[in-house]
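Let's take a walk through this structure, a few spots at a time. Have the sequence and the 3D view ready.

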Amino acid sequence: MGVKEEYRRKLISIQEAVGMVTSYCSIGVAMAAAAPPGLLGALASRRDEVENVRVFGALLLKEYDFFLDPSMKGHFLLESWFYGAGERKAHDLGTVSLIPSHGRDWGPRKALFDPPDFFWGTACPMDRHGYFSLSLSVGYEKDLISVAKTVILEINPNLPRTYGDTHVHISEVDYIVEHEAPLVEVQPIEPSEEEKAIGQYVAELIEDGSTIQLGIGGIPNAIAKFLMNKKDLGVHTEMFTDGMVDLAEAGVVTGRKKTIWRGKMVGNFALGTKKLYNFVNENLAVEFQPGRVTNDPRVIAKNYKMVSVNTALQIDLTGQVVSESIGHIQYSGTGGQNDTAIGAQMSPGGKSIIALRSTAKNGTISTIVPVLPPGAKVTLLRADVDYVVTEYGVAHLKARSIRERVRQLISIAHPDFREELRREAERLKLW
Ligand code: COA
């Protein structure tokens, strides 16, 4: 049977696909801009026929009824590696639960310890040899495909064809649905004055010839703008962003000095605007590799002068970094923050950087605090942070004692909070 005939034989409707879902089954779905909107949008229609169906994924970006409609409780549970706005909104309904895990482990651990019954992903149309490209994410998708009992791909002609370890052959797929949909876009926000200052300080820490990772959030994306006068940077990241496209198009990112995947930008998912999606389309300079590879600190550390730049919500005076919760409230997820920070620390000449605004909530609270509030989740251990940057400068934590860390972190806190931080550090004997 030829691949075209096999495709026709496996083609079913979205309703037929969601009709296969049974009570107590589990469905692994592709993440972020690669999540399948046709299948996930139709899932709620099965509410009255099923109970206790688990759907696992990360950062679904769209607000689907199956977890946002309160009447879905008991029928569907979204288990998420990384919360976005929808997951945060649904949390109190009891229809979402976080899976605490490092980005490098999402796929391999799920595949090994809790393999899904179904895998639902997206792909661009099949090529003449019978291959699909999983397009905008291979964070964990291929790990789940290798173990799921039933693999269903939603084909969207708008998805870019990406290269690297992104391909799946028709023989590995059980069913296909076709669903043309616009791609989810996340628009970068113009950096504020504080973010510009942070960008400049971070740029001073990045030497020519470094390989960079920029994490998720406003600040890492803003930083790309301040790297325009660097030479021969490389990219080894988790998430590809619009800022990286600007750096590549300006000739700043060449990958010429990279010590692995020389000349290539390496990452596992892309999230941004059409500009980014056009850039990664059929681009041999962009190498998508699974999270278990891109986020393995041993792999990251093979890059010479690897610099990780991530952001956080809060940091205490000893250097403990809270990036995924506001008190006991889950805000996002661990993602690749540890993977990339530890990989950068292990790299010859590497640096792990946390960049954050010194205040939140319109300047009313300090993000640098003497002690973390109850329920705060430490995303990155204090031993794994080399530099902390705010709009007031750079704190060097690498190899420094608590006494020195406290002094340096207070010096980059907002001036309105420094006296109070000093008093608290003294009272708590933070030295
Ligand atoms: N206390 C209370 N609220 C705070 C706060 C604090 N210390 N710090 C920030 N906030 C609020 C902000 O005011 C903002 O609220 P608003 O939307 O109502 O204005 C909200 O929290 C988000 O803050 P912001 O700084 O805009 O977040 P971001 O979109 O830039 O994302 C992280 C920042 C830290 C949440 C994000 O980077 C993350 O999830 N990191 C963990 C994973 C990771 O780093 N992975 C890296 C590899 S991709």
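Helices (H or I, at least four residues) and strands (E, at least two) are DSSP runs, numbered from the N terminus. This is a predicted model, where local features need pLDDT of at least 70 and side-chain atom pairs count only at pLDDT 80 or more, while totals for chains, interfaces and linings use all residues. Residues are numbered from 1 along each chain as its sequence is written, and side-chain values use heavy atoms, with hydrogens and water left out.

Look for Tyr331 in the loop between strand 21 (329–330) and helix 14 (337–346). Its relative accessibility is 33%, so Tyr331 counts as partly exposed (buried is under 20% relative accessible area, exposed is over 50%, partly exposed is in between, with a 1.4 Å probe and protein chains only).

## Thr162, tucked away

Now hop to Thr162, in the loop between strand 7 (150–155) and strand 8 (163–164). Thr162 counts as buried because its relative accessibility is 0%. Which residues is Thr162 in contact with, leaving aside neighbours within four places in sequence? They are Ser133, Ser135, His167, Val280 and Phe288, where contact means heavy atoms within 4.5 Å.

## Helix 16

Helix 16 covers residues 415–427, and Phe417, Arg418, Leu421 and Ala425 are buried in it. An α-helix has 3.6 residues a turn, so residues three or four places apart point the same way. The cover over the buried residues of helix 16 includes strand 23 (359–360), strand 24 (365–366), strand 25 (368–369) and helix 15 (402–411). After helix 16 comes Lys429, with a positive phi near 55°.

Key. The expected span of a helix is 1.5 Å times one less than its number of residues.
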